Amino acid sequence: MALNQSLRPGLIQLRVLDLDETLKFYKDILGMDEVCRTSDGRVCLKTYDEFDHHSVTLRLADEAGLDYVAFKVASNETLQEMVKATEQFGYTVTEVPADSDQPGYGKRYRFKICTGHTFELYSEVALAEKTPGTINPDIWNEPPRGMGVIRLDHFLLYGPNIEEAERYCTEVMHMYVPELCNKPDGKRMATWITGSNKPHDLAFVEYDKPGKIHHVGFLLQDWNHVGQVADLIAINRLKKDIGPTRHAITRGQTIYFWEPSGNRIEVYAGGYTAYPDNPQRVWDVDHLGRGLFYYEGEIIPSFLEIVT
Amino acid sequence: MTNDHFHIRLPDGGAFTCRPGESVLAAMQRYENAPIRYGCFGGGCGVCRMRVVSGTYHQLKRMSRAHVTVDCEREGIVLMCCITPLSDLTLAFSAC
């Protein structure tokens with residue numbers, strides 16, 4: 001385990017049912033900037049505080065949900081080592097050429113993991129045209145819009161055999177598991193995984209159907225901004241799922257709601273600083289309600305059962 | 001003639017009213033014995049899937065094909081967040 005190999009989840013491609021309406025949400029309400037459009041009509045977006053070319057791509061499709069997630073790793077050397085280890089782990093890897101379907105992106109390596117999700121690894125991506133300042137920089141160049149999300153933070157995936165997925169992340173991607181939840185039989189129910197100091201870069205919940213996404217999480221500055229998001233959800237008649245509340249797991253302060261195509265979004269602030277040498281936090285299923293929703297103290301059924 | 005509301009009948013005999021142009025699910029939120037849970041309201045999550053047994057409706061938004069296939073749609077399976085009534089409706093739960 002190390003903090004300097006898997007940098008972060010850097011790109012996610014989501015399917016949307018109504019591109020115009022959903023894009024309007026990502027730009028005007030969530031506060032992302034449109035970076036470019038691809039020749040096949042997908043739209044690339046980034047937050048105001050991200051340096052890389054883009055972090056979210058929206059694709060018009062006949063069902064909502066996740067196409068794939070891509071992780072940025074520290075160097076081409078690390079990338080090649082992880083690709084070899086991925087093949088040795090048993091996943092078939094295909095190469096996606098540089099500057100092909102994701103503008104600005106270098107070579108990516110794509111494979112499907114046991115949970116049915118498509119993962120990608122890459123090490124090179126162009127800087128965005130508009131990046132945060134770097135020389136005596138101000139805190140932003142243009143005032144953040146709407147919810148003013150700072151960056152793509154994490155995602156929660158639902159699928160079968162998450163123990164293997166966790167093992168892939170730790171053995172091949174050199175991530176670690178700050179927190180987990182086991183069923184009474186000792187099998188994994190949920191796992192929170194990171195390659196950084198964030199409490200999670202991704203998480204999995206065990207689920208019989210493959211390839212599902214529960215939510216995409218974006219970072220907010222603090223609890224005040226969580227409140228501001230709640231106002232914007234109400235003003236814009238978005239459908240809220242849960243919050244504002246706090247997780248005991250990760251300690252994040254949070255709201256969940258749905259964007260116009262039915263993909264669940266989390267906005268998240270705080271959370272503890274994770275270190276790979278800290279003892280792991282372990283939850284029993286009968287305490288999971290309090291772990292997920294610390295203020296409510298109980299499971300909220302819509303949260304566990306609704307995925308896209 | 002224009003209606004100021006339509007009657008939506010549920011499988012348990014209950015009923016509620018829906019305004020023209022309003023989604024059936026939005027109207028159902030005012031009804032205290034709603035038989036389904038509320039999810040995304042965006043046609044994506046599929047938890048408001050029911051069958052329209054009688055009546056006509058207009059589709060307001062696209063429904064995820066993960067939850068309503070073309071064949072199911074022909075049989076009247078719809079997501080309640082995606083339709084508005086054009087007449088009184090009778091709803092049912094039935095697999096497709």
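Begin by selecting A:Tyr275, which is in contact (heavy atoms within 4.5 Å) with A:Tyr176 and A:Asn197, when residues up to four places away in sequence are not counted. The model is a predicted one, in which local features need pLDDT of at least 70, side-chain atom pairs count only at pLDDT 80 or more, and totals for chains, interfaces and linings use all residues. Residues are numbered from 1 along each chain as its sequence is written, chains are lettered from A and ligands numbered from 1 in the order in which they are written, and side-chain values use heavy atoms, with hydrogens and water left out.

Stay with A:Tyr275 and display the secondary structure. Helices (H or I, at least four residues) and strands (E, at least two) are DSSP runs, numbered from the N terminus. A:Tyr275 belongs to the loop between β16 (264–270) and β17 (281–284) of chain A. Is this residue buried, partly exposed or exposed? The terms refer to relative accessible area: buried is under 20%, exposed is over 50%, and partly exposed is in between (1.4 Å probe, protein chains only). A:Tyr275 is partly exposed because its relative accessible area is 40%.

**The annotated spans of chain A**

Next, select residues 8–124 and 151–270 of chain A, which an unreviewed UniProt entry lists under "domain: VOC". UniProt positions are given in the numbering used here, feature names are shortened, and annotations may be inferred rather than shown by experiment. Residues 8–124 of chain A are 21% helix and 38% strand, with end C-alpha atoms 13 Å apart. For residues 151–270 of chain A, the figures are 19% helix and 48% strand, and the end C-alpha atoms lie 13 Å apart.

Within chain A, proceed to A:Glu120 in strand β8 (residues 118–122). A:Glu120 counts as buried because its relative accessibility is 0%. Leaving aside neighbours within four places in sequence, its contacts include A:Tyr68, A:Phe71, A:Arg108 and A:Arg110.

**Backbone details**

Select A:Gly243 and A:Pro244 together; the peptide bond from the former to the latter is cis, with omega near 0°. A:Pro244 is located in strand β14 (residues 239–246) of chain A.

Then select A:Arg237, in the loop between α4 (223–235) and β14 of chain A. Although A:Arg237 is not a glycine, it has a positive phi of about 55°. A:Arg237 counts as exposed, at 71% relative accessibility. A:Thr250, in the loop between β14 and β15 (252–258) of chain A, likewise is not a glycine and has a positive phi, of about 75°. A:Thr250 counts as buried, at 2% relative accessibility.

**Where chain B meets chain A**

Finally, show both chains. The contact takes 17 residues from chain A and 16 residues from chain B. Together the chains bury about 1200 Å², 58% of it on carbon and sulfur atoms; buried area is the accessible area (1.4 Å probe) that two parts lose on being put together, summed over both. B:Arg37, B:Cys40 and B:Arg62 supply 38% of the area that chain B buries against chain A, more than any other three residues.
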